[in-house]
Amino acid sequence: MKVLITGADGFIGRNLQAHLREMDDVSYDCFAKGMTLQVLKEKIASCDFIFHLAGVNRPKNDDEFVQGNMNLTQDVCRLTKQTGKQIPIVYTSSIQADADNAYGKSKLAAEQVLTDYTSETGAKVYNFRLPNVFGKWAKPNYNSAVATFCYNTVHNLPMTINDTDAVIRLVYIDDVVAQFIAVMSGESESYDIQPEYEITVGALADKLQGFKASRENITTEPVGTGLDRALHATYLSYLEPKAFAYDLVKHEDPRGVFVEMLRTQDSGQFSYFTAHPGITRGGHYHHSKTEKFLVVKGRAEFKFRHIMTDEKYALKTDESNPKVVETVPGWTHDITNVGDDEMIVLLWANERFDPKKPDTYACPL
C-alpha cells in the first residue's frame, strides 16, 4: 500500500512516519509545507490512502485558519477526485470543531468538505476529532501544554499556570497512531482514540516535577502503565543528549562497593555490590524483608542458617549459571566471593530501606 501524509513534518506526522516505516507492506510519501499544488497532485495520483494531517492552529491572523485548514482540504479532495479512485482519507480534526472560534469553524468547514467528498465518490473518510495530543516530538509553546510543561521542567524554566484545577483532555500519540493504522489496515472503523485521559493542570505539573526529582532521590514514580507511563516517556523525550546519564552515590570500603540504583514507591529497591576474592558480606537475618540476589560476575557461595533450629544450607552459583537466590525470613545468611576475581551481584529488596526500621539483625553464621 502507498500512503500519502500531508503535514508530514509536524508532530503527528513524524510519529506516523516512524510507525509506518516499521511495516513491510506499506510505503509512504510526504507532502509538507512549502510544496506546490502540482507536487500534491502528483503524490495523490500515486497513492492508495491519505492521512491528511496538515493544518494551522497557531496563525498570525485568523485568515490563515481558512487557508491552512479548509482551503487545503478542498485542494486534497479536488485532486483526489480527479484520480477517479476511491482513496480513503483520515483527517485530523479537533474537539473544537463545535466551538465558536475561528479555529473550530475552520475545522468544521474542512469536515464538511470531506463529507461532500465521500458523498460524491463513495470513498471512506475517517474524521478524528482529537483532544490534546501529547508525546515525543511535540513542539513546546505550540502543540500542547504537556509539551510546554515537559520542556520547561527539563530546562528549569518557569511554568505559567492560571488555574491549577483546570482539566485537560489528553490522548497519547502512540494510541493515536495505532488507531490510524488500524483504520488504514481495515482492522477498525472507529474514530475514537482510547484511552483518553483527564488531568488537572496542577496535577500535570506535579507529576513532571516528580519525574525530575527522581534522579535526585532515585525513587521512580509508578510509570509502567497508563497516563504516567505515557507522560514519563514524553518527559524524557525532551532531555538533551548530554542529560541522558546521571551519577549515583557509591559507597566503598575494604570489602568492595555498594550502589543503590533505583527505589520504587511500593515494590522495593534495586542495587548492586561487589566483593573482593575471599570477602564475605551479609551475616544477618530479617523478620519480613526479602531479597533476590543475582551473581553477574564471579563465583559466590551463599550460606544460610535457621535462627531457631540451626538448620544449615549452602549453595554455590556463578556468572555462567544465572540463578536467583532468595533470602528467607528467619534464616541468617551471607555471601562469599569464592572466585579469583571481583564478584558483582545485583540485588533487589522487596522494601525500601528505612534506617529507623531496617529489619536487619546481625547474626554471623
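Is K43 buried or exposed? K43 counts as buried, at 15% relative accessibility. One thing to keep in mind as you click around: this is a predicted model.

**Stop 1**

D29 is partly exposed, with a relative accessible area of 21%, whereas K43 falls under the 20% cut-off for buried.

**Stop 2**

In total, the structure holds 15 salt bridges. Next, select D228 and K207. Here too a salt bridge forms, with 2.8 Å between the closest N and O atoms. D228 belongs to helix α8 (residues 226-236) and K207 to helix α7 (residues 201-217), so the pair ties together parts 21 residues apart in sequence. Colour by accessibility if you like: D228 counts as buried at 15%, while K207 counts as partly exposed at 27%.

Now jump to E342 and K297. Their side chains meet in a salt bridge at 4.0 Å, N to O. E342 is in the loop between β17 and β18 and K297 is in strand β13, so the parts being tied together are 45 residues apart in sequence. E342 is partly exposed, with a relative accessible area of 31%, and K297 counts as partly exposed at 34%.

Before you leave the charges, pick D98, E111 and R129 together. These three are linked in a network of salt bridges.

**Stop 2: aromatic rings**

Switch to Phe, Tyr and Trp. How many aromatic pairs are there? The count comes to 11.

Start with F134 and Y172. Their ring centres are 5.2 Å apart and their planes meet at 40°, so the pair is tilted. F134 lies in strand β6 (residues 132-134) and Y172 in strand β7 (residues 167-172), so the pair ties together parts 38 residues apart in sequence. Both F134 and Y172 are buried.

Then bring up Y285 and Y361. This aromatic pair is stacked, at 5.4 Å centre to centre with 25° between the planes. It links distant parts of the chain: Y285 is in strand β12 and Y361 in strand β19 (residues 361-362), 76 residues apart. As for accessibility, Y285 counts as buried at 15%, but Y361 is partly exposed, with a relative accessible area of 37%.

**Stop 4**

Which residues lie nearest the centre of the second largest pocket? Select F258, F273, H284, E291 and L347 to land there. The lining takes in 24 residues, and the pocket has a volume of about 570 Å³.

Now show the strands around the pocket. β10 (256-263), β11 (269-275), β12 (280-285), β13 (291-297), β14 (299-306), β16 (324-327), β17 (331-337) and β18 (343-349) each supply at least two residues of the lining. By residue type, the lining divides into 10 nonpolar, eight polar and six charged.

**Stop 3: cysteines**

Select the cysteines. How many disulfides does the structure have? The count is zero. C47 is in no disulfide, and the nearest cysteine sulfur, that of C30, is 12 Å away. For comparison, a disulfide needs the two sulfurs within 2.5 Å. C47 is buried, with a relative accessible area of 1%. Click on C150 as well: this residue is also buried, at 0%.

**Last stop: helix α1**

Finish with residues 11-20, which make up helix α1. Eight of its 10 residues are buried, so the helix is largely enclosed by the rest of the structure. To highlight the buried ones, pick F11, I12, G13, N15, L16, Q17, A18 and L20.

Technical notes
Residues are numbered from 1 along each chain as its sequence is written. This is a predicted model: local features need pLDDT of at least 70, side-chain atom pairs count only at pLDDT 80 or more; totals for chains, interfaces and linings use all residues. Side-chain values use heavy atoms; hydrogens and water are left out. Buried means under 20% relative accessible area, exposed over 50%, partly exposed in between (1.4 Å probe, protein chains only). On a 1 Å grid over the protein atoms alone, a cavity is a set of points where a 1.4 Å probe fits but cannot get out, and a pocket is an open set with protein on both sides within 12 Å along at least five of seven lines; lining residues have an atom within 4 Å of a point. Grid points are joined across faces, edges and corners, and a volume is the space filled by probe spheres set on the points. Helices (H or I, at least four residues) and strands (E, at least two) are DSSP runs, numbered from the N terminus. Ala, Val, Leu, Ile, Met, Phe, Trp, Tyr, Cys and Pro count as nonpolar, Asp, Glu, Lys and Arg as charged, and the others, Gly among them, as polar. Rings of Phe, Tyr and Trp (its six-membered ring) pair if their centres lie within 6.5 Å; planes under 30 degrees apart count as stacked, over 60 as edge-to-face and the rest as tilted.
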